[in-house]
Amino acid sequence: MKKELSFITVIGKDKKGIVAKVSNLLYKNNINIEDINQKVMEGLFVMTMLVDVGGYKYPLHKLNSLLEKIGKEMGLKVQLQHENIFKMMHRV
Amino acid sequence: MAITVDEVFETAKMILYENLDIRTTTLGINLKPCVDSDFRIFKKKVYDKVYKNGLVLIKEAEKLELKYGIPIVNKRIAVTPVSLIMEAHLRKEKFLEMAKTLDKAAGDAGIDFIGGFGSLCQKGLTRSDSLLIDTLPDILSKTKHVCSFLNVGSNVSGMNLDAVNLIGPMLKKTAKKTKNGAGCARFVVFVNAPEDNPFMAGAFHGVGEGDITLNIGISGPGVVRSVVEKNKECDLTELSEIIKRTVFKITRAGELIGRELAKNLKIPFGAVDISLASTINKGDSVADVIKAFGIEYIGAHGSTLAIALLMDAVKKGGAMASANVGGLSGTFIPVSEDMGMVEAVKRKSLSLDKLEALTAVCSVGLDMVAIPGNTPEETINAIIADELSIGIINNKTAAVRILPIPGKKPGDLVKLGGLLGIAPVMSVNKYSAKNFMKRGGRLPAPVTSLRN
């Protein structure tokens, strides 16, 4: 299957269980995590996950709303964005 | 090289906290093939073409919003200048009916603004142009989505003062027919109008364009303000570099969305317009960028230099990021749509005269300027002609979007609603240019146009 790489970005206050909640959701939906990084920047916890959404069976807005739900529960901003936007903006 | 957390954060922060967005995706549609001697069939063809394309545009744009997590704020349509396609239907009521047809097609498809109800009359007025201008007060008051433009001059043809002289009376009539004169906000008069400008109210599908094309307008004054604020000590050369780098990044985002959207729509990609465009949202203000430069309020001495620096850096950064830079590409400084501009007028830092000076170095002109409703018609015409002559002589686009608001005096604040913001009424010079303006005719093309 063709890879479709997107970034999940989680921004906010560091809390227990962020990685567990997001990765559990991804596992249940047949989405592989290719890379994971985290860092504190400008006083904010920032985690990025590079994920392959090629195997996701439903339209992307469904995954988006599931991620948003986790974000709301934990008081964090969660975003899903195709990797091409970062490639275009940060690589010449 | 893999994308780092820092880079992902930088992009996410621009979108989440600094109002980075794709301001508009504007589909340019050629309406010439719809022309028919049977007006009923003509209208139906126009409706169908606009409605069908509008629906697809919205659907595909929404898909990309989701894929890239970047808001595409406006989905719009620009059509062939309507005076051209109405040449065989020269009756006022038919112009109004055509406007209503476009208005309905846009509204039914979910398009907020449809541009192009205008004419190219830089050298002379056809009967169709004159009828269109004559009908505009009715059109602007009886439609919600239709935007109108006139191009009354260019470097090579000079300025058509006879056309300019029709605008003051038209605007005063329009203002009287619409709440708070807001109908005037959907009309803009240009010289050197670009044929691929995606921004309203002046977007139209140029006669040199193909059948259909997609133009993109990106925006990010909030992003630029944020980097300027972080670099308080750097000199102007460094400041220009920092802005260039930032604009490069946001233009690349526009280029990506534009290319992919055009590909998905199976149509050619036109241009990315890299203009910084304000909204009334907090922080989304070009005036605030100028403030971050170190100027208390825009309009203070030093503001023209600041806008010149900003404008040039935006162009350089954008030009490196896309092979398709077009439209107006620079910096808009609308008054009512930018809360920093509104504040500057309230504090008497920004006058109409200084605004005119700023427009000599910005990309457009006097934009969203409210003036007292009792301003004489010939004074409105003279304000317009002054601004447009800057464009003619300096080889650039210049435009005016001005609202003579009935019953209002200088210092009053008028809520225009929605995207149009809050207009502080600005005072105009009380002395008259009536005898000069009534000479009419055409300002000859400047000597710089003789290049052959």
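Because the model is predicted, local features need pLDDT of at least 70 and side-chain atom pairs count only at pLDDT 80 or more, while totals for chains, interfaces and linings use all residues. Residues are numbered from 1 along each chain as its sequence is written, chains are lettered from A and ligands numbered from 1 in the order in which they are written, and side-chain values use heavy atoms, with hydrogens and water left out.

**Where the chains meet**

Let us start at the interface, where 30 residues of chain B are in contact with 28 residues of chain A (contact means heavy atoms within 4.5 Å). Together the two chains bury about 2900 Å², with 69% of that on carbon and sulfur atoms; buried area is the accessible area (1.4 Å probe) that two parts lose on being put together, summed over both. On the chain B side, B:I3, B:V5 and B:F9 lose the most area to chain A, together 23% of what that side buries.

The interface also holds 11 residue pairs in polar contact, both residues at pLDDT 80 or more. A polar contact is a pair of N or O atoms within 3.5 Å; within protein, one must be able to donate a hydrogen and the other to accept it, and residues adjacent in sequence count only if both atoms are side-chain atoms. The elements giving two or more residues to the chain B side are α1 (5-17), α2 (39-68) and α8 (236-265) of chain B. Here helices (H or I, at least four residues) and strands (E, at least two) are DSSP runs, numbered from the N terminus. The largest share, 13 residues, comes from α1(B). By class, this side has 19 nonpolar, 2 polar and 9 charged residues (Ala, Val, Leu, Ile, Met, Phe, Trp, Tyr, Cys and Pro count as nonpolar, Asp, Glu, Lys and Arg as charged, and the others, Gly among them, as polar).

There are 3 salt bridges between chain B and chain A, and the count over all chains is 29. A salt bridge is a side-chain nitrogen of Lys or Arg within 4 Å of a carboxyl oxygen of Asp or Glu. Two of them are listed here:

| Residue in chain A | Residue in chain B | N to O distance |
|---|---|---|
| A:R91 | B:E7 | 2.8 Å |
| A:K39 | B:D6 | 2.8 Å |

The pair of A:K39 and B:D6 links strand β2 of chain A to helix α1 of chain B.

**Two sheets in chain B**

One open sheet has 3 strands in the order β6-β7-β15 (chain B), with antiparallel pairing; two strands pair if DSSP finds at least two bridges between them. β6 (153-154) and β15 (442-443) of chain B are at the edges with a single partner strand each, so one side of each has no neighbour in the sheet.

Within it, β1 (residues 21-29) and β9 (residues 212-219) of chain B run antiparallel and are joined by 8 bridges. B:T24 has B:G217 in β9(B) as its bridge partner.

**Backbone details**

A cis peptide bond, with omega of about 15°, joins B:M200 and B:A201. B:A201 lies in the loop between β8 (187-191) and β9 of chain B.
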